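Thanks for coming, everyone. Let me put the structure up, and then we'll walk through it.

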Amino acid sequence: MNDRDPAGNPPEGTGVLPVLSLPSETAWEARFSLVPPETLLEALPREACRLRELGVGLIEFPGDLCGMGGDYASPGFWSRVSEALAREGLGATVHLPFGWVDLAALDGEVWEGSVRSVERAVAALAPLSPLMASVHPANYPTRAVLGMAPETARSGLHAAFGERVVKALTRLARGALGPVLALENLEGVPPELFAAIVDAAGVKACLDVGHAVADGQDPCQLLDLLEGKVLGLHLHDAAPPSRTDAGGLTHERAHRALGEGRLDLENLVRAVLARDFSGPVVLEVLGDQEPSVRLWSDTLRAATTSRPEGGLTR
């Protein structure tokens with residue numbers, strides 16, 4: 001893991017496969033219910049052991065921790081986490097704050113506070129040297145405005161929201177995690193707009209496979225659209241939208257275990273391997289992670305052994 005460059009790329013010619021990342025289960029007692037920082041540190045060796053047994057090489061930490069007080073906002077704490085991970089042979093990915101953050105907000109105070117929240121997390125989490133720092137372009141209020149807007153008003157709103165996100169990303173890219181900053185696609189954001197924002201801001205993309213499926217998009221076509229810009233994937237299954245869905249706001253369609261939605265996992269794996277993609281793949285399923293880990297690993301193994309050039313090294 002440590003042989004990769006600052007942008008998360010492996011050395012040329014190493015044949016490294018995508019590396020799986022799992023969200024830390026020790027960071028929360030329940031979602032947004034903090035454990036003491038020392039408790040997280042004490043639990044890391046046990047969690048690392050579990051991840052190694054599953055063949056997982058990375059652990060994902062939530063940036064929302066950094067805005068909720070205490071040592072989680074301190075780079076010193078995350079330096080200790082980084083040292084603990086190094087002892088266990090693991091790397092990291094991070095998901096920058098999204099719970100109360102909206103980088104597309106047209107309200108100036110909300111937008112400024114959102115950017116500052118992400119900047120604080122970037123500064124705190126930098127010692128982890130993560131392979132990817134994913135960030136959402138918008139939160140539910142903005143997406144609700146889009147979902148309820150008449151069709152004739154949406155192009156103007158998309159342009160306005162896009163300008164805000166580009167401005168935010170341009171500022172965030174100057175921070176310590178700029179080289180691994182990756183914008184995540186969400187439901188309700190047209191693929192062409194998403195690609196244009198990534199280009200304008202000069203950042204990487206985090207292709208969220210489940211959000212793509214939940215929005216009725218083909219993840220493999222998005223790989224084509226974002227050729228050369230995808231730093232990592234978020235992996236989960238999802239159901240496509242129904243006629244009763246409003247503007248991609250039905251969150252329950254996504255974050256299903258692999259095999260419980262409409263994702264063509266075999267086709268995705270073939271597309272990833274065809275591009276020699278070796279970035280982080282963050283599993284984001286609700287509930288038990290292990291069945292999805294094993295399905296991903298089995299599908300990846302089957303695809304690599306069937307390739308003409310033979311198996312690649314992990």
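Start with a term. We work on a 1 Å grid over the protein atoms alone; a cavity is a set of points where a 1.4 Å probe fits but cannot get out. A pocket is an open set with protein on both sides within 12 Å along at least five of seven lines. Lining residues have an atom within 4 Å of a point. Grid points are joined across faces, edges and corners, and a volume is the space filled by probe spheres set on the points. Rolling a probe the size of a water molecule over the atoms shows where empty space is left.

Now the ground rules. This is a predicted model: local features need pLDDT of at least 70, side-chain atom pairs count only at pLDDT 80 or more, and totals for chains, interfaces and linings use all residues. Residues are numbered from 1 along each chain as its sequence is written, and side-chain values use heavy atoms, with hydrogens and water left out.

So what did the cavity search find? Over the whole structure, one cavity of 30 Å³ or more turns up. The largest cavity holds about 40 Å³ of space. Its lining is Asn185, Val189, Pro191, Phe194, Leu207, Gln217, Leu222 and Leu226. That lining splits into six nonpolar, two polar and no charged residues. For those classes, Ala, Val, Leu, Ile, Met, Phe, Trp, Tyr, Cys and Pro are nonpolar; Asp, Glu, Lys and Arg are charged; the others, Gly among them, are polar.

Next, the pocket. The largest pocket has about 840 Å³ of space. It is lined by 31 residues, and nearest its centre lie Arg31, Phe98, His255, Glu284 and Leu286. By class, the lining of the largest pocket has 13 nonpolar, eleven polar and seven charged residues. Which elements supply it? Strand 2 (28-30), strand 4 (58-62) and helix 4 (140-148) each give at least two residues to the lining of the largest pocket. Helices (H or I, at least four residues) and strands (E, at least two) are DSSP runs, numbered from the N terminus.

Stay with His255 for a moment. His255 sits in the loop between strand 9 (230-235) and helix 9 (265-274). His255 is not a glycine, yet its phi is positive, about 60°. Most residues other than glycine have a negative phi. Is His255 buried or exposed? His255 is at 11% relative accessibility, so it counts as buried. The cut-offs: buried is under 20% relative accessible area, exposed over 50%, partly exposed in between, with a 1.4 Å probe and protein chains only.

Compare Ser129. Ser129 has a positive phi too, near 50°. Its place is the loop between helix 3 (108-125) and strand 6 (133-135). At 56% relative accessibility, Ser129 is exposed.

Back to helix 4. There, Thr142, Arg143, Ala144, Leu146 and Gly147 are buried. Helix 5 (151-172) is part of what covers the buried residues of helix 4.

On to aromatics. Rings of Phe, Tyr and Trp (its six-membered ring) pair if their centres lie within 6.5 Å; planes under 30 degrees apart are stacked, over 60 edge-to-face, the rest tilted. By this rule there are four aromatic pairs. Take Tyr72 and Phe77: centres 5.3 Å apart, planes at 80°, so the pair is edge-to-face. Phe77 and Trp78 have centres 5.0 Å apart and planes at 80°, so that pair is edge-to-face as well. Tyr72 is buried at 1% relative accessibility, and both Phe77 and Trp78 are buried. Phe61, Tyr72, Phe77 and Trp78 make one aromatic cluster.

One more ring. Lys167 lies over the face of Trp111, 5.0 Å from the ring centre. The test is NZ of Lys or CZ of Arg within 6 Å of the ring centre and within 35 degrees of the ring normal.

Last stop, Ala205. Ala205 is in strand 8 (residues 204-208) and is buried, with a relative accessible area of 0%. Its contacts (heavy atoms within 4.5 Å), leaving aside neighbours within four places in sequence, include Phe194, Leu226 and Gly232. Gly232 and Pro18 are 214 residues apart in sequence, and 8.7 Å apart in space, C-alpha to C-alpha.

Zoom out to finish. The protein chain has ten helices and ten strands. Buried residues make up 53% of its 314 residues.
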